[in-house]
Amino acid sequence: MTDVAVIGFAEAPCRPEAGTTSGVELLVPVFRDVLAAAGLSRRDIGFWCSGSSDYLAGRAFSFVSAVDAIGAFPPITESHVEMDAAWALYEAYVKILTGEVDTALVYGFGKSSAGELRRVLAMQLDPYLLAPLWPDSVSIAALQARLCIESGLFSEKDMAEVAVRSRANAIRNPSAQVSGIAEVEELLGAPYVADPLRAHDCAPVGDGAAAVILASGDRARELCERPAWISGIAHQVDSPGLGMRDLTTSRSAAGAGAAAGLGEGGLDVAELHAPFTHQEILLARALGIGDGVEINPSGGVLCGNPMFSAGLSRIGAAAQRIHDGTARRTAGHATSGPALQQNLVCVMEAR
Amino acid sequence: METETALSAPLTIGFTYTRSLGPVLSQFMTALAERRILGSRGSDGRVHAPPAEYDPVTYAPLTELVEVSTVGTVQTWTWMNRPLDGQPLGRPFAWALILLDGADTPMLHAVDAGSPDRVRTGMRVRARWVAEPAGHIRDIECFEPDGGCPAARATSTSSEPVTMIETPIQLRYRHTTSAEESRYLRGLATGRLLGQRCPACGKVYIPPRGACPVDGVPTTDEVELPDQGTVTTFCIVNTPFAGQRITPPYVAAYVLLDGADIAIQHLILGCPAGEVRMGMRVRAVWRPREEWGTTPENIDHFRPSGEPDAAFESYAHHL
């Protein structure tokens, strides 16, 4: 089978409010940087695939305006998913496997700050039984966190420790929106945002964009000194009924990890898309990621969560550790939907 | 170019989803109108309330519906201190997963508990119904702490089957324009039409695009365009529709302003619809100056200028 590798990654700094509702201008420098690093021009890219959401932009077909940032004339081959761009990466990966193209550029973008994000995200819920009640994303995560805490899986202090580690890691990440040295006791003294979640337990709302370049076989070796070869990639989804799945774990994350061969070798780095502190603990358990693995050395999405590109950035950040020679085998994870409903795992290795 | 703050404005989007119900949810909604709650029995015997249409484990269609209680137990909760628009209650309330008696998996709803110290996992709650249930999940106004008195009797009258639901959606945004669009809109406020030229290919875009669709680079060089141009293509609107501001028939056309490389869409008035043609020369008719704002609506419409028609070749590459 065709070997496919991540050969490039760039992201815009995640900021509380950046740019226009369309997000196009955030993409322009990201494309420039990711193409320049790979020594490619726009015309060299065989396939373009993006992830974004009309509900974030507040208008129909909002992704079309982003195509302007590509320069789509003469015509290009292009596709879009109304999901985090990690799923666009999956589509691009499959496109390369068909043999039709040997390079693909995947990008995600969104202006989370244009609307009221936690309310807008109610639109992704079951439209008959849940969305008409407008349950917001933070409240749903809080219901999950309490279930876990009261089941004895972990404590609010364990959750605060995740925030402390993430913020400390983010000091080295210029794209991070939040970073710094914090103390667990100090964080636990803050009021609840949605009991039992405090502000540090929730990813900040921020605007951003990211791009990843994929290439196959010899093309990847020619363009990149140390390609991050994708040894396995899989995604699974759980029931949209919040009551119908065990919220104290993520069956779809575990399933995607197993299907991607996550456990079939030692892991150096895992970038987990966990918009809430408790979800990082849940994901690490579900994926069987134990001691000795660096989790979210970038600071993760708790330090910057640009919707629809943050999952793609996890794959990019995990790939970068192979590009720079500081890791041999890494994993990027993306999530979508309420309370870790849908999950994608991409395992990469140096060869 | 001087730095100016980008123009932004509130944008509210409202629409109503009208959704058809399948056989399972139709029975569920019909029962709600009778103040009863139904669940579906899964392949493993568990009862899901509200009902799952497909088994969460085997994905098989589920068809057996069973009635569960309107009283249940809180399994987990959080406190909503500042309720958001559209949520079940306007005052602070608890969100909870509630396991109804007779069900094996919980439902999400609001609990009107008054304050967070009156909510706990394990508390008993009962459904509070709206005055006139009509077959919608919002027929359950919320749950409230169960006082232990017997559950209110369901309405006995069997209603017509509910087959559709309507859900109104309202979303609010702050729409922010790009620096280029802001220049364009501020130009309009002074009666000027400002386009921008792509530094790479030289094409002139109005409104300026932020990025040239050919070259993917920001457009930077400003170009002022006249308020006259050529009709490249058009259609005659004969059909009335909601919100229409002009009585049909009228003409919507693409007008290529002189010096531009992309047409703008506008109305052509001032002549019978049947006289509008490709190549027709037109001129903008502006609203009174005192009505101008940072909006393309400053131009009310275009009208024939009386000049001879433009040659097809002059706009053939802009169709």
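A crossing of two helices is called left-handed if the near helix is turned anticlockwise from the far one by less than a right angle, and right-handed if clockwise. In this predicted model, local features need pLDDT of at least 70 and side-chain atom pairs count only at pLDDT 80 or more, while totals for chains, interfaces and linings use all residues. Residues are numbered from 1 along each chain as its sequence is written, chains are lettered from A in the order in which they are written, and side-chain values use heavy atoms, with hydrogens and water left out.

The crossing of helix 6 of chain A and helix 11 of chain A is left-handed; helices here are DSSP runs of H or I with at least four residues, strands are runs of E with at least two, and both are numbered from the N terminus. Helix 6 (residues 137–150) and helix 11 (residues 277–287) of chain A pack at about 55° with their axes 9 Å apart, the axes being lines fitted to C-alpha atoms over the stretch in contact and the angles running from 0 to 180 degrees between N-to-C directions. Helix 6 of chain A is therefore oblique to helix 11 of chain A, given that angles under 35 degrees count as roughly parallel, over 145 as roughly antiparallel, 65 to 115 as roughly perpendicular and the rest as oblique. On the helix 6 side the contact (heavy atoms within 4.5 Å) is made by A:Ala141, A:Gln144, A:Ala145 and A:Cys148, and on the helix 11 side by A:His278, A:Gln279 and A:Leu282.

Helix 7 (residues 156–170) of chain A also meets helix 11 of chain A, the two axes coming within 8 Å and crossing at roughly 95°, which means that helix 7 of chain A is roughly perpendicular to helix 11 of chain A. Among the residues that make this contact are A:Met159 and A:Arg165 of helix 7 and A:His278 and A:Glu280 of helix 11.

A:Asn169 also lies in helix 7 of chain A, and it counts as buried because its relative accessibility is 14%, where buried means under 20% relative accessible area, exposed over 50% and partly exposed in between, with a 1.4 Å probe and protein chains only. Not counting residues up to four places away in sequence, A:Asn169 touches A:Ile295, A:Asn296, A:Pro297, A:Ser298 and A:Gly299.

In helix 10 (residues 251–259) of chain A, the buried residues are A:Ser252, A:Ala253, A:Gly255, A:Ala256 and A:Gly257, and their cover includes strand 8 (228–237), helix 11 and strand 12 (342–349) of chain A. Helix 10 of chain A is followed by A:Gly261, which has a positive phi near 75°.
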